[in-house]
Amino acid sequence: MELQALISNIKSEDIVEILGIKDVNVTGITSDSRKVTTGYAFIALKGVQVDGHDFIAKAIELGAKVIIHDEDTDTSNSSVTYIKVKDAADAIGKIASAWYGNPSQKLNLVGVTGTNGKTTTATLLYNVFRKLGYGAGLLSTVCNYVNDDQFPATHTTPDPISLNEFLAKMVEAGCEYAFMEVSSHAIHQKRISGLEFKGGIFSNLTQDHLDYHGTMQDYLKAKKAFFDNLPATAFTLTNVDDKNGLVMLQNTKAKKYTYSLRTLADFKARVIEKHFDGTAIEINGRELEVQFVGVFNVYNLLAVYGASVLLGEDLEKILIVLSTLKSVAGRFETIRSKDGFTAIVDYAHTPDALVNVLGAIHDVLEGGGRVITVVGCGGNRDKTKRPIMAREAVTLSDQVILTSDNPRFEEPQSIVDDMVAGLDPVQMKKALCIVDREQAIKTACTFAKPGDVILIAGKGHEDYQDVKGVKHHFDDKEIVKNILGL
Ligand SMILES: CC(=O)N[C@H]1[C@@H](OP(=O)(O)OP(=O)(O)OC[C@H]2O[C@@H](n3ccc(=O)[nH]c3=O)[C@H](O)[C@@H]2O)O[C@H](CO)[C@@H](O)[C@@H]1O[C@H](C)C(=O)N[C@@H](C)C(=O)N[C@H](CCC(=O)O)C(=O)O
Ligand SMILES: Nc1ncnc2c1ncn2[C@@H]1O[C@H](COP(=O)(O)OP(=O)(O)OP(=O)(O)O)[C@@H](O)[C@H]1O
């Protein structure tokens, strides 16, 4: 691609200077010096761990012909074109978009952000539009889809080059719709810069990711930036039962819509009856039975309904499809034992999600059944969640087993100790520490009696345990089924 076309999405005021010849044909783009080959454009990004500007010389050695940077750098190589921009993280999204033919402009792209519910909402939207007969794609934590073709996901929101490559695949495969999760990390690192969104959904904001954002205020600011940057042609759909729902709408140019179970809103729902296999609900005056448990899932379904309406779909058709949808992988997945107890595998790994999923279990628990919770916290991530999650688990369960969940580079025992620090001696009587997760699940199954529910929280769809940088195969569902002989 010609260099002028490659940088055509970057506003001229965002380009500080161009040194060297402008008439260059670029053969590829990357921000990783290790991927450079002859004729590439290398975009130097200041990383969290290292600075891409330190790899410019290496990129040139490997054949880079264009260097895009935002810090002072050695520009003495006369066979290279140096483009200094104001913000390389912002520029790379626009460059990636141009390189792949601006795919987001050819799709109805909807982004979902919030602490919990992103995967569920984005996946259900994708399922609805596939069931309605459209070509559609999905970018999510669990899996990426281009129509029915599956691609493994490495991030909740991929880096700008992979992201635009996926969107281009969707365009090529004839998709009209694309649904994606937008993580706060991605907004902060500008991975979504240059994308043209048709809509943005906000689910909720509760404590998470403080290891990265530092404070809740900065976490909120990151989420809000997504809505602040939506164009007037897009819609925003926010949950106004969350105290930050209206905050998200403050500075946006986009058309504003709201959803709620409790107050006045454009899209309203009400729970009629809760049971173990689903919930009877009313959406905008229409009753239907859905195969989801938990009020939090009614919020997710309402967001899906609202977004589908805003995308122009027929109300009746959407309601019919909603009643056929099933739970997303690793979200409230139930396994019944032959002895009459139930195990639930759920991805709840924030205090709020844990409270919600335990609340949902209590709502449908049949007479006398006890709740046994197996839960851990991830290593090298927000440590302040640990005592809170232990406390919430103990408060809402009859028995808790504290265990390991992706310890990464921390000692599993010390993570469990941080959880225990949240419990007083009385609460401690309900808790047991079994660091070995398989052993913890086995012990919960031995404790369980008919009518009891075991919640195995935190890993959901994940099929690994991340220990010291190595992902060892570990699948909560598989383990439970083996133990129960299913
Ligand atoms: C903390 C974080 O978000 N890090 C992300 C960030 O990495 P980084 O800034 O640390 O990159 P780096 O390794 O320091 O490198 C800086 C630059 O130098 C370049 N480099 C580096 C080495 C070299 O030899 N040559 C070279 O050119 C790199 O390619 C990069 O451009 O940018 C990378 C490229 O986009 C991401 O892959 C990486 O995600 C890491 C792996 C990660 O685990 N991120 C998680 C926390 C994350 O983003 N999670 C959210 C979801 C959270 C949730 O809701 O649960 C997500 O969207 O997935
Ligand atoms: N709307 C919601 N409100 C609160 N909790 C929810 C909601 N939806 C799902 N949850 C809980 O959060 C867990 C994670 O759900 P989901 O994967 O949809 O969220 P997410 O935002 O994609 O999370 P992550 O970014 O960490 O992948 C679920 O297993 C459930 O326990």
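Leaving aside neighbours within four places in sequence, Ile454 is in contact with Phe341, Ala343, Ile372, Val374, Ala444, Cys445 and Ala448, where contact means C-beta atoms, placed from the backbone, within 7 Å. This is a predicted model, in which local features need pLDDT of at least 70, side-chain atom pairs count only at pLDDT 80 or more, and totals for chains, interfaces and linings use all residues. Residues are numbered from 1 along each chain as its sequence is written, while chains are lettered from A and ligands numbered from 1 in the order in which they are written.

Ile454 and Ile43 touch the most other members of the largest nonpolar core, which has 138 residues. Such a core is a set of buried Ala, Val, Leu, Ile, Met, Phe, Trp, Tyr and Cys residues joined through C-beta atoms within 7 Å. A residue is buried if 20 or more other C-beta atoms lie within 10 Å of its own, exposed if 12 or fewer, and partly exposed in between. Helix H9 gives the largest share of this core, 10 residues. Helices (H or I, at least four residues) and strands (E, at least two) are DSSP runs, numbered from the N terminus.

The protein is divided into domain 1 (3-99), domain 2 (103-324) and domain 3 (333-484), with bounds from an automatic or database domain assignment. The C-alpha centres of domain 1 and domain 2 lie 33 Å apart. Their contact takes 11 residues from domain 1 and 11 residues from domain 2. On the domain 1 side, helix H3 (88-99) and strand E2 (28-30) each supply at least two residues, and the largest share, eight residues, comes from H3.

Ligand 2 lies between domain 2 and domain 3, because both give residues to the shell around it. Of the 23 residues around ligand 2, the nearest are Asn116, Gly117, Lys118, Thr119 and Thr120; a residue is near if its C-beta atom, placed from the backbone, lies within 6 Å. Helices H4 (118-131), H9 (295-310) and H11 (351-364) are the elements that give two or more residues to this shell, and H11 gives the most, with four.

Lys221 is partly exposed, since 15 other C-beta atoms lie within 10 Å. Lys223 has 24 C-beta neighbours inside 10 Å and so counts as buried. Leaving aside neighbours within four places in sequence, Lys223 is in contact with Thr113, Ser184, Ile187, Leu205 and Met248. An unreviewed UniProt entry places "modified residue: N6-carboxylysine" at Lys223; UniProt positions are given in the numbering used here, feature names are shortened, and annotations may be inferred rather than shown by experiment.

Key
Contact = placed C-beta atoms within 7 Å.
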